[in-house]
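Good morning, everyone. Please look at the screen while I talk.

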Amino acid sequence: MDLKTYMKENGMSVAKLSRTTYIPYTTLGDLVAGRTDVDDVGAGVVHGLAKALGVTMDGLYEMAKELPPLPKLKKGWRLRLRDNRYYIAHDGGEEFLCALDHANGPFIKDIAEGHIRNYESERRAETWQEWAL
C-alpha cells in the first residue's frame, strides 16, 4: 500500500500530520504526492512521520517507495508499467510514454491524457486531409 492510500484509510491528512509532527506541510505534501523521494528527506523527518503513523521507519520507506495504482484512462486506452517505463496502449498498439521517476509519477495521468489528445488530433487531421483530396 502506498503512503497516500495508507493515510487516507487511516483518516490522516497532511495538515494534521504536519501539526502533530512539526514537519513542514510542504515537505509532507511533496513526500505523500511523490514529488519528493523519501531518499531525499532527512532521517528525522522519516522517524517523526513513521512514529506519527505508527509504523517502523522501514515500513514508511516501503510505503513511500510503493507506486500508487495506475490511473484509469478513457475507453480504449490503458497504461502499463514495464521495466521502470510507462507505456500507453490502445487499439492501434502500444508505445513508450515516459520513464518512471518521481518527477513525472504524480502527473502520469495528465501526461497520458495529453498523449491521447495529441493522438486523436493527429487522426482528425489525417481524416481532414483525406477528405480534402
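I will go through a few helices, the loops beside them, and some single residues.

Some ground rules. This is a predicted model, where local features need pLDDT of at least 70, side-chain atom pairs count only at pLDDT 80 or more, and totals for chains, interfaces and linings use all residues. Residues are numbered from 1 along each chain as its sequence is written, and side-chain values use heavy atoms, with hydrogens and water left out.

Helices are DSSP runs of H or I with at least four residues, strands are runs of E with at least two, and both are numbered from the N terminus. Buried means under 20% relative accessible area, exposed means over 50%, and partly exposed is in between, with a 1.4 Å probe and protein chains only. Contact means heavy atoms within 4.5 Å.

Start with helix 2. Which residues of helix 2 are buried? In helix 2, residues 14-21, they are Val14, Leu17, Ser18 and Thr21. They sit on the same side of helix 2, because they cover an arc of only 100° around the axis. That arc is taken from the directions from the helix axis to the C-beta atoms. Turn to the face away from the buried side: there you find the exposed residues Arg19 and Thr20. And what do the buried residues pack against? Three helices: helix 1 (3-9), helix 3 (25-33) and helix 4 (43-53).

Let's take the pairing with helix 3. Helix 2 and helix 3 pack at an angle of about 130°, and their axes are 9 Å apart. Here an axis is a line fitted to C-alpha atoms, for helices over the stretch in contact, and angles run from 0 to 180 degrees between N-to-C directions. The two helices are therefore oblique to each other. On this scale, under 35 degrees is roughly parallel, over 145 is roughly antiparallel, 65 to 115 is roughly perpendicular, and the rest is oblique. The crossing of helix 2 and helix 3 is right-handed.

Who makes the contact? From helix 2 come Val14, Ala15, Leu17, Ser18 and Thr21; from helix 3 come Tyr25, Leu28, Gly29 and Val32. By class, that contact has 6 nonpolar, 3 polar and no charged residues. Nonpolar covers Ala, Val, Leu, Ile, Met, Phe, Trp, Tyr, Cys and Pro; charged covers Asp, Glu, Lys and Arg; the others, Gly among them, are polar.

Next, the loop between helix 2 and helix 3. Tyr22 is found there, and Tyr22 follows helix 2. Its phi is near 65°, a positive value in a residue other than glycine. Most residues other than glycine have a negative phi. Is Tyr22 buried or exposed? Exposed, because its relative accessibility is 74%.

Ile23 lies in that loop too. With a relative accessible area of 6%, Ile23 is buried. Leaving out residues up to four places away in sequence, Ile23 touches Ser18, Leu28, Val45, Gly48 and Leu49. Take Leu49: Ile23 and Leu49 are 26 residues apart in sequence, and 8.1 Å apart in space, C-alpha to C-alpha.

On to helix 5, residues 57-65. Its buried residues are Leu60, Met63 and Ala64. They lie on the same side of helix 5, because their arc around the axis is only 95°. On the other side, Asp58 and Glu62 are exposed. The buried residues of helix 5 pack against helix 1 and helix 4.

Leu70 is in the loop between helix 5 and strand 1 (78-82). At 36% relative accessibility, Leu70 counts as partly exposed. Not counting residues up to four places away in sequence, Leu70 touches Leu79, Arg80, Leu81 and Tyr86. The C-alpha atoms of Leu70 and Leu81 are separated by 8.3 Å, and the two are 11 residues apart along the chain.

Last stop: His90. You will find His90 in strand 2, residues 85-90. His90 counts as buried, at 8% relative accessibility. What is His90 in contact with, leaving aside its neighbours within four places in sequence? Gly76, Trp77, Arg78, Glu95 and Tyr119.

That's my tour. Thank you.

Methods: A crossing is left-handed if the near helix is turned anticlockwise from the far one by less than a right angle, and right-handed if clockwise.
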